[in-house]
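Work through these exercises with the model open beside you. Try each task before reading its solution.

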Amino acid sequence: MSAFTRVDDALGEFTLRPLDPDADAALLHRWVTHPKSAFWLMQDADLAAVAAEYRRIADHPHHDAYLGSWRGTPAFLAERYDPAHVELVGLYDPEPGDVGMHFLCAPADTPVHGFTRAVITTVMAWLFADPATRRVVVEPDVRNTAVHALNAAVGFTVVGPIRKPEKEALLSVCTRDQFRAATGAPAGKEGAPA
(Lines give C-alpha, C1' and ligand atoms only; values in the text may rest on other atoms or scores of the structure.)
Protein backbone atom coordinates (compact mmCIF):
# COMPACT_ATOMS: atom_id res chain seq x y z
CA MET A 1 0.00 0.00 0.00
CA SER A 2 1.47 3.34 -1.00
CA ALA A 3 1.60 6.40 1.22
CA PHE A 4 2.01 8.82 -1.69
CA THR A 5 1.54 8.63 -5.45
CA ARG A 6 2.65 11.02 -8.19
CA VAL A 7 2.20 10.56 -11.92
CA ASP A 8 5.03 12.04 -13.95
CA ASP A 9 3.97 13.30 -17.40
CA ALA A 10 6.85 11.50 -19.13
CA LEU A 11 7.64 8.51 -16.91
CA GLY A 12 4.37 7.48 -15.30
CA GLU A 13 3.58 6.48 -11.74
CA PHE A 14 5.90 6.93 -8.77
CA THR A 15 4.86 5.80 -5.29
CA LEU A 16 6.29 5.96 -1.79
CA ARG A 17 5.55 3.65 1.12
CA PRO A 18 7.08 3.33 4.60
CA LEU A 19 10.27 1.31 4.53
CA ASP A 20 10.33 -2.06 6.30
CA PRO A 21 13.86 -2.19 7.76
CA ASP A 22 14.00 -5.98 7.83
CA ALA A 23 12.04 -6.97 4.73
CA ASP A 24 13.72 -4.29 2.59
CA ALA A 25 17.26 -4.70 3.99
CA ALA A 26 18.65 -6.95 1.22
CA LEU A 27 17.39 -4.59 -1.49
CA LEU A 28 18.76 -1.54 0.32
CA HIS A 29 22.08 -3.26 0.90
CA ARG A 30 22.52 -3.75 -2.87
CA TRP A 31 21.71 -0.08 -3.46
CA VAL A 32 23.73 1.63 -0.70
CA THR A 33 26.90 -0.43 -1.23
CA HIS A 34 26.97 0.00 -5.01
CA PRO A 35 29.90 2.10 -6.33
CA LYS A 36 27.41 4.64 -7.80
CA SER A 37 26.13 5.26 -4.24
CA ALA A 38 29.46 6.42 -2.81
CA PHE A 39 27.99 9.65 -1.43
CA TRP A 40 25.54 7.59 0.70
CA LEU A 41 28.57 6.69 2.87
CA MET A 42 27.63 3.01 3.38
CA GLN A 43 30.01 1.37 0.89
CA ASP A 44 31.46 -1.08 3.43
CA ALA A 45 28.24 -1.87 5.31
CA ASP A 46 27.16 -5.49 5.51
CA LEU A 47 23.52 -6.59 5.40
CA ALA A 48 23.19 -6.57 9.19
CA ALA A 49 24.56 -3.02 9.41
CA VAL A 50 22.13 -1.77 6.76
CA ALA A 51 19.17 -3.40 8.54
CA ALA A 52 20.33 -1.96 11.88
CA GLU A 53 20.67 1.55 10.44
CA TYR A 54 17.17 1.51 9.00
CA ARG A 55 15.74 0.03 12.21
CA ARG A 56 17.39 2.94 14.05
CA ILE A 57 15.76 5.39 11.63
CA ALA A 58 12.36 3.64 11.95
CA ASP A 59 12.58 3.90 15.74
CA HIS A 60 13.66 7.55 15.74
CA PRO A 61 10.93 10.10 16.55
CA HIS A 62 12.35 12.69 14.12
CA HIS A 63 13.58 10.61 11.17
CA ASP A 64 11.90 8.13 8.83
CA ALA A 65 12.58 6.32 5.57
CA TYR A 66 10.38 5.41 2.60
CA LEU A 67 10.83 3.04 -0.29
CA GLY A 68 9.95 4.51 -3.65
CA SER A 69 8.71 2.54 -6.64
CA TRP A 70 8.46 3.40 -10.30
CA ARG A 71 5.70 1.63 -12.19
CA GLY A 72 5.41 -0.83 -9.31
CA THR A 73 9.11 -1.74 -9.04
CA PRO A 74 11.30 -0.53 -6.13
CA ALA A 75 13.57 2.15 -7.58
CA PHE A 76 14.53 4.75 -4.94
CA LEU A 77 14.87 5.53 -1.28
CA ALA A 78 13.73 8.71 0.47
CA GLU A 79 14.34 9.90 4.00
CA ARG A 80 12.79 12.83 5.79
CA TYR A 81 13.95 14.23 9.10
CA ASP A 82 13.48 17.16 11.44
CA PRO A 83 16.70 19.18 11.06
CA ALA A 84 16.18 20.74 14.50
CA HIS A 85 16.74 17.24 15.98
CA VAL A 86 18.67 15.23 13.36
CA GLU A 87 21.62 15.79 10.98
CA LEU A 88 21.88 19.58 11.27
CA VAL A 89 21.63 20.28 15.01
CA GLY A 90 23.81 23.29 15.78
CA LEU A 91 24.86 23.73 12.14
CA TYR A 92 22.16 26.16 11.02
CA ASP A 93 19.17 28.03 12.46
CA PRO A 94 16.07 25.94 11.71
CA GLU A 95 12.82 27.69 10.94
CA PRO A 96 9.33 26.40 11.75
CA GLY A 97 8.23 24.05 9.00
CA ASP A 98 11.73 22.98 7.95
CA VAL A 99 12.00 19.34 6.81
CA GLY A 100 15.28 17.64 5.96
CA MET A 101 15.51 15.26 3.00
CA HIS A 102 17.80 12.60 1.55
CA PHE A 103 17.11 10.55 -1.57
CA LEU A 104 18.90 7.77 -3.41
CA CYS A 105 18.06 6.32 -6.80
CA ALA A 106 18.70 2.61 -7.24
CA PRO A 107 21.77 2.02 -9.39
CA ALA A 108 20.66 1.07 -12.90
CA ASP A 109 22.50 -0.67 -15.71
CA THR A 110 20.52 1.30 -18.29
CA PRO A 111 19.82 4.90 -17.25
CA VAL A 112 16.38 6.30 -18.07
CA HIS A 113 16.44 9.90 -19.32
CA GLY A 114 14.83 12.22 -16.75
CA PHE A 115 14.45 9.50 -14.10
CA THR A 116 16.47 11.09 -11.30
CA ARG A 117 14.77 14.45 -11.82
CA ALA A 118 11.36 12.72 -11.72
CA VAL A 119 12.38 11.04 -8.45
CA ILE A 120 13.49 14.27 -6.73
CA THR A 121 10.34 16.00 -7.99
CA THR A 122 8.25 13.17 -6.52
CA VAL A 123 10.07 13.32 -3.19
CA MET A 124 9.64 17.09 -3.01
CA ALA A 125 5.92 16.86 -3.90
CA TRP A 126 5.55 14.22 -1.16
CA LEU A 127 7.21 16.46 1.43
CA PHE A 128 5.16 19.50 0.41
CA ALA A 129 1.95 17.43 0.51
CA ASP A 130 2.17 18.00 4.26
CA PRO A 131 0.80 21.52 4.79
CA ALA A 132 3.15 21.96 7.78
CA THR A 133 6.20 21.77 5.50
CA ARG A 134 7.39 25.26 4.63
CA ARG A 135 10.95 24.55 3.47
CA VAL A 136 12.95 21.48 2.50
CA VAL A 137 16.55 21.46 3.69
CA VAL A 138 19.35 19.36 2.19
CA GLU A 139 23.03 18.90 3.00
CA PRO A 140 24.73 16.95 0.19
CA ASP A 141 28.47 16.50 -0.04
CA VAL A 142 30.08 19.58 -1.61
CA ARG A 143 31.70 17.29 -4.24
CA ASN A 144 28.36 15.87 -5.42
CA THR A 145 27.92 18.24 -8.35
CA ALA A 146 25.25 16.06 -9.98
CA VAL A 147 22.90 16.41 -7.02
CA HIS A 148 23.62 20.14 -6.73
CA ALA A 149 22.37 20.55 -10.32
CA LEU A 150 19.26 18.48 -9.54
CA ASN A 151 18.59 20.49 -6.40
CA ALA A 152 18.82 23.74 -8.38
CA ALA A 153 16.46 22.32 -11.02
CA VAL A 154 13.70 21.81 -8.44
CA GLY A 155 14.14 25.20 -6.77
CA PHE A 156 16.81 24.88 -4.09
CA THR A 157 19.01 27.86 -3.29
CA VAL A 158 22.42 27.44 -1.72
CA VAL A 159 22.87 28.75 1.82
CA GLY A 160 26.55 27.79 2.00
CA PRO A 161 29.02 25.11 3.04
CA ILE A 162 28.81 23.53 6.48
CA ARG A 163 31.12 21.04 8.17
CA LYS A 164 29.47 17.82 9.32
CA PRO A 165 31.36 15.07 11.14
CA GLU A 166 31.28 12.81 8.07
CA LYS A 167 31.62 15.37 5.24
CA GLU A 168 31.86 18.93 4.01
CA ALA A 169 28.27 19.65 2.97
CA LEU A 170 26.48 22.29 0.94
CA LEU A 171 23.43 23.46 2.86
CA SER A 172 20.55 24.39 0.55
CA VAL A 173 16.88 25.21 1.08
CA CYS A 174 13.74 25.20 -1.05
CA THR A 175 10.41 26.79 -0.21
CA ARG A 176 7.08 25.54 -1.53
CA ASP A 177 6.89 28.57 -3.86
CA GLN A 178 10.43 27.99 -5.17
CA PHE A 179 9.55 24.35 -5.89
CA ARG A 180 6.37 25.33 -7.73
CA ALA A 181 8.15 28.02 -9.75
CA ALA A 182 10.99 25.69 -10.76
CA THR A 183 8.90 22.66 -11.66
CA GLY A 184 5.34 23.83 -12.27
CA ALA A 185 4.43 21.05 -9.83
CA PRO A 186 1.18 21.36 -7.90
CA ALA A 187 2.94 20.79 -4.56
CA GLY A 188 0.53 19.47 -2.01
CA LYS A 189 -2.21 18.48 -4.48
CA GLU A 190 -1.11 14.97 -5.51
CA GLY A 191 -1.26 11.78 -3.52
CA ALA A 192 -1.70 11.93 0.20
CA PRO A 193 0.78 12.76 2.91
CA ALA A 194 2.16 9.87 4.89
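**Exercise 1. In which helix does V32 lie, and is V32 buried or exposed?**

The model is predicted, so treat every value here as computed from that prediction.

Step 1. V32 lies in helix α1.

Step 2. Read its accessibility. The relative accessible area of V32 is 0%. Buried means under 20%. V32 is therefore buried.

Step 3. Relate V32 to D141. The two residues are 109 apart along the chain. Their C-alpha atoms are separated by 16 Å.

**Exercise 2. At what angle do α1 and α2 pack, and which residues make the contact?**

Step 1. Locate the helices. Helix α1 covers residues 25–32, and helix α2 covers residues 47–59.

Step 2. Take the geometry. The angle is about 105°, and the axes are 9 Å apart.

Step 3. Classify the angle. Angles of 65 to 115 degrees count as roughly perpendicular. So α1 is roughly perpendicular to α2.

Step 4. List the contact. From α1 come A25, A26, L28, H29 and V32. From α2 come L47, V50, A51 and Y54.

Step 5. Sort by class. The contact of α1 with α2 has 8 nonpolar residues, 1 polar and no charged.

**Exercise 3. Describe how α3 packs with α4.**

Step 1. Find the angle. Helix α3 (residues 115–128) and α4 pack at about 55°, with their axes 10 Å apart.

Step 2. The crossing of α3 and α4 is right-handed.

Step 3. Pick out the residues. On the α3 side are T116, R117 and I120. They meet L150, N151 and A153 in α4.

Step 4. Sort by class. The contact of α3 with α4 has 3 nonpolar, 2 polar and 1 charged residues.

**Exercise 4. Now describe how α3 packs with α5.**

Step 1. Find the angle. The axes of α3 and helix α5 (residues 176–183) cross at roughly 145° and come within 11 Å.

Step 2. The crossing of α3 and α5 is left-handed.

Step 3. Pick out the residues. R117, T121, M124, A125 and F128 belong to α3. Their partners in α5 are R176, F179, A182 and T183.

Step 4. Sort by class. The contact of α3 with α5 has 5 nonpolar, 2 polar and 2 charged residues.

**Exercise 5. Which residues does R117 touch, and which backbone atom does its side chain reach?**

Step 1. The relative accessible area of R117 is 40%. That value is between 20% and 50%. R117 is therefore partly exposed.

Step 2. List the contacts. Not counting residues up to four places away in sequence, R117 touches L150, A153 and A182.

Step 3. Look for the backbone atom. The R117 side chain reaches the backbone oxygen of A153 at 3.5 Å.

**Exercise 6. Where is D141, and which backbone nitrogen does its side chain reach?**

Step 1. Check the burial. D141 has 5% relative accessibility and so counts as buried.

Step 2. Follow the side chain. The side chain of D141 reaches the backbone nitrogen of R143 at 2.8 Å.

**Exercise 7. Where are R71 and E87, and what are their phi values?**

Step 1. Take R71. It lies in the loop between β3 (63–70) and β4 (73–81). R71 is exposed, with a relative accessible area of 53%.

Step 2. Take E87. It lies in the loop between β4 and β5 (98–105). Its phi is positive, about 70°, although E87 is not a glycine. E87 is partly exposed, with a relative accessible area of 29%.

Definitions and conventions. Residues are numbered from 1 along each chain as its sequence is written. This is a predicted model: local features need pLDDT of at least 70, side-chain atom pairs count only at pLDDT 80 or more; totals for chains, interfaces and linings use all residues. Side-chain values use heavy atoms; hydrogens and water are left out. Buried means under 20% relative accessible area, exposed over 50%, partly exposed in between (1.4 Å probe, protein chains only). A polar contact is a pair of N or O atoms within 3.5 Å; within protein, one must be able to donate a hydrogen and the other to accept it, and residues adjacent in sequence count only if both atoms are side-chain atoms. Helices (H or I, at least four residues) and strands (E, at least two) are DSSP runs, numbered from the N terminus. Axes are lines fitted to C-alpha atoms, for helices over the stretch in contact, and angles run from 0 to 180 degrees between N-to-C directions. Angles under 35 degrees count as roughly parallel, over 145 as roughly antiparallel, 65 to 115 as roughly perpendicular and the rest as oblique. Contact means heavy atoms within 4.5 Å. Ala, Val, Leu, Ile, Met, Phe, Trp, Tyr, Cys and Pro count as nonpolar, Asp, Glu, Lys and Arg as charged, and the others, Gly among them, as polar. A crossing is left-handed if the near helix is turned anticlockwise from the far one by less than a right angle, and right-handed if clockwise.
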